[in-house]
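Subject: A structure for you to look through

Dear colleague,

I am handing over a structure that I would like you to open beside this message. Please look at the model first, and then read the notes that follow it.

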Amino acid sequence: MGKIQIFYDVMFVISMLLTLLYAKLWHKHFSINLSLTFIFIAIANLGYVLITQASGYSDAIMAQKIVYIGGCFLMLFTMLNIFDICKINLPKWSKFAFIFIYMAIYFSVLTIGSSGIFYKSVDIDSSGETLKIIKEYGFMHTFFYIITGINFILSFGAIIYSLKMKKEFSKKIVWLLFIPEAVSFFSFFGGRLITSDFDILPASYVFAQIMYLLIAHKMCLYDVTETAVDSLAETGATGFVSFDKELRYLGSNQTAKDTFPEISSFVVDKTLPKGAKYSAEILSWIKGFIADNNNDKYYFSSNDRIYLIDVNYLFDESKKCGYQLVITDDTVNQQNIQLMKNYNTQLEQEVSEKTADIIKMHNNLIRSMAMMVESRDNSTGGHIIRTSDVVEILMDYIMQDEDFTSEFNITSTFRRNIIKAAPLHDIGKIAVDDAVLKKPGRFTDEEYEKMKRHAPEGARVLHNILKNTDDEDFKRLAENVARYHHERMDGSGYPDHLSGEDIPIESRIMAIADVYDALVSKRVYKDSMSFEKANGIMLESFGKHFDRRLEKFYLSAREKIEEYYVTEQS
């Protein structure tokens with residue numbers, strides 16, 4: 001056995017061993033082009049072995065055709081592999097174009113010995129250590145050299161571009177790509193300069209395999225997504241259950257089976273058995289996710305543990321091929337959340353209690369302030385309390401009319417504010433002289449003018465008292481009630497002679513309670529009026545003094561108002 005034959009045999013054996021090692025290290029995220037590179041290197045090296053073992057012309061030609069299987073397609077898949085690793089996307093049409101070109105070249109290789117397309121002529125020289133093929137190149141061989149040159153240019157261009165422009169992957173891997181590509185280029189175009197007795201390409205192929213194994217190893221480390229998923233699955237902290245698009249069971253890891261023991265009874269490629277424990281829950285989670293991809297998280301309790309079920313699509317590269325349940329033990333997190341909820345609930349309860357106390361104290365302070373002012377007025381004892389209660393009765397009926405409340409934006413907050421503001425409607429009397437305020441009889445015109453000043457004074461006083469409050473709605477409403485509760489719908493009221501819709505709705509409601517109490521209550525200058533007589537006056541005043549649209553609420557509330565006054569007077 002000659003040295004050349006030994007060289008080719010050794011290169012073939014090494015390339016086969018390296019291919020088997022690659023198969024052992026193979027991972028699903030390895031590029032198909034990388035895998036084909038290993039396969040075609042072994043095929044090409046086999047061709048060189050067969051040439052040394054050829055016993056005649058036909059055997060030599062067949063061996064040469066096998067060499068070109070690797071020679072043609074190895075160039076293609078090496079280039080595509082470089083583009084894959086450099087994360088440069090070639091257009092699909094360009095990939096198909098290269099595949100078509102190399103297939104056309106190889107079809108011309110198949111004509112060796114019967115046509116002059118690839119080799120114009122071919123002969124055998126058996127005088128040396130091994131059989132040698134003597135050939136004269138045809139035009140397709142020239143075309144093969146041109147395409148191979150373009151292939152190398154594109155490959156080196158992709159490597160250089162990645163080194164200069166790309167930052168999202170390791171430069172070490174790019175340099176490892178450059179080295180075998182440079183060796184292959186030198187061997188392909190300059191190998192004959194070293195020796196013409198044999199081809200050094202098999203050695204460059206083996207060297208490329210070694211470098212690609214190093215690249216594959218580093219790709220596994222740098223592929224964060226894959227290593228993270230593998231680590232999760234290996235540690236057993238996360239469970240995985242997979243289903244195809246027809247909801248047929250595909251498989252699961254041990255953690256998932258520990259969480260749902262019945263999974264061990266599921267049959268691969270079969271739908272979940274009806275009636276089996278957890279089947280209904282699992283199917284409901286997946287169907288919920290199919291209906292709405294936002295429904296991707298569910299919680300499941302078992303053996304005092306709380307599990308988070310995260311439903312996702314199952315992908316084969318970028319193609320959706322089914323569904324996957326990711327199961328994690330969320331017990332500690334849920335316990336912490338519950339502790340926080342309990343703490344927040346307790347805190348909210350304490351804050352609510354404190355807030356309620358403050359509001360109660362605030363309301364009592366407001367009412368006490370109003371009562372202090374009223375204590376100076378001998379003629380209106382209990383007026384502020386009664387009018388406030390009447391306003392509350394009227395609001396109960398007003399709140400039942402959705403159209404009316406919607407039109408005037410009357411809400412529960414409005415109701416609460418007007419009831420709280422009602423006792424303050426006469427607070428402006430604090431600025432009225434005692435001689436007028438405490439007069440036991442009717443006012444003179446001059447005294448009446450002084451008394452009418454209590455309306456704008458009340459608004460001014462409240463503005464100063466409430467100017468630093470953050471409750472703007474109550475501040476505005478309280479000022480309106482104090483200033484405008486003596487305005488009339490026909491414009492004959494005071495202090496601004498407003499009419500109709502210009503009078504705030506809260507002031508119109510307050511006016512009804514204020515006048516009604518004045519009619520049925522005893523004053524130093526008059527006796528109390530009967531309910532019937534007071535009602536007659538009230539009804540005559542709607543449309544003139546009072547808002548006609550509020551009449552129906554007064555009529556609905558009349559009986560309850562009269563019951564209130566009967567109780568107050570008894």
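Before the first pair of helices, a definition is needed: an axis is a line fitted to C-alpha atoms, for a helix over the stretch in contact, and the angle between two axes runs from 0 to 180 degrees between their N-to-C directions. Helices (H or I, at least four residues) and strands (E, at least two) are DSSP runs, and they are numbered from the N terminus.

This is a predicted model, in which local features need pLDDT of at least 70 and side-chain atom pairs count only at pLDDT 80 or more, while totals for chains, interfaces and linings use all residues. Residues are numbered from 1 along each chain as its sequence is written, and side-chain values use heavy atoms, with hydrogens and water left out.

The chain as a whole

The chain contains 21 helices and seven strands. Of its 570 residues, 47% count as buried, where buried means under 20% relative accessible area, exposed means over 50%, and partly exposed lies in between (1.4 Å probe, protein chains only). If one takes the contacts (heavy atoms within 4.5 Å) between residues at least 6 apart in sequence, 60% of them join residues at least 24 apart.

Helices α3 and α4

The axes of α3 (residues 57-85) and α4 (residues 92-109) come within 10 Å and cross at roughly 170 degrees. The two are therefore roughly antiparallel to each other, since angles over 145 degrees count as roughly antiparallel, under 35 as roughly parallel, 65 to 115 as roughly perpendicular and the rest as oblique. Among the residues that make this contact are Y68, C72 and F73 of α3, and F98, Y102 and Y106 of α4. By class, the contact has 15 nonpolar, no polar and two charged residues, where Ala, Val, Leu, Ile, Met, Phe, Trp, Tyr, Cys and Pro count as nonpolar, Asp, Glu, Lys and Arg as charged, and the others, Gly among them, as polar.

Helices around α18

How do α14 and α18 cross, and at what angle? The axes of α14 (residues 412-421) and α18 come within 9 Å and cross at roughly 45 degrees, and that makes α14 oblique to α18. In this contact F414, N417, I418, K420 and A421 of α14 meet D473, F474, L477, A478 and V481 of α18, and by class these are seven nonpolar, one polar and two charged residues.

Helix α18 (residues 472-484) also packs with α19 (residues 505-520), at an angle of about 50 degrees and with the axes 8 Å apart, and these two are therefore oblique to each other. The α18 side of the contact includes R476, L477 and V481, while E506, S507 and M510 come from α19. The residues here divide into four nonpolar, two polar and two charged.

Cysteines and L314

The structure holds zero disulfides (pairs of cysteine sulfur atoms within 2.5 Å). C72 is buried, with a relative accessible area of 0%, whereas C321 counts as partly exposed at 29%.

L314 has its place in strand β6 (residues 305-316) and is buried, with a relative accessible area of 15%. Leaving aside neighbours within four places in sequence, L314 is in contact with residues including S242, F243, L250, C321 and Q324. The C-alpha atoms of L314 and Q324, which are 10 residues apart along the chain, are separated by 5.4 Å.
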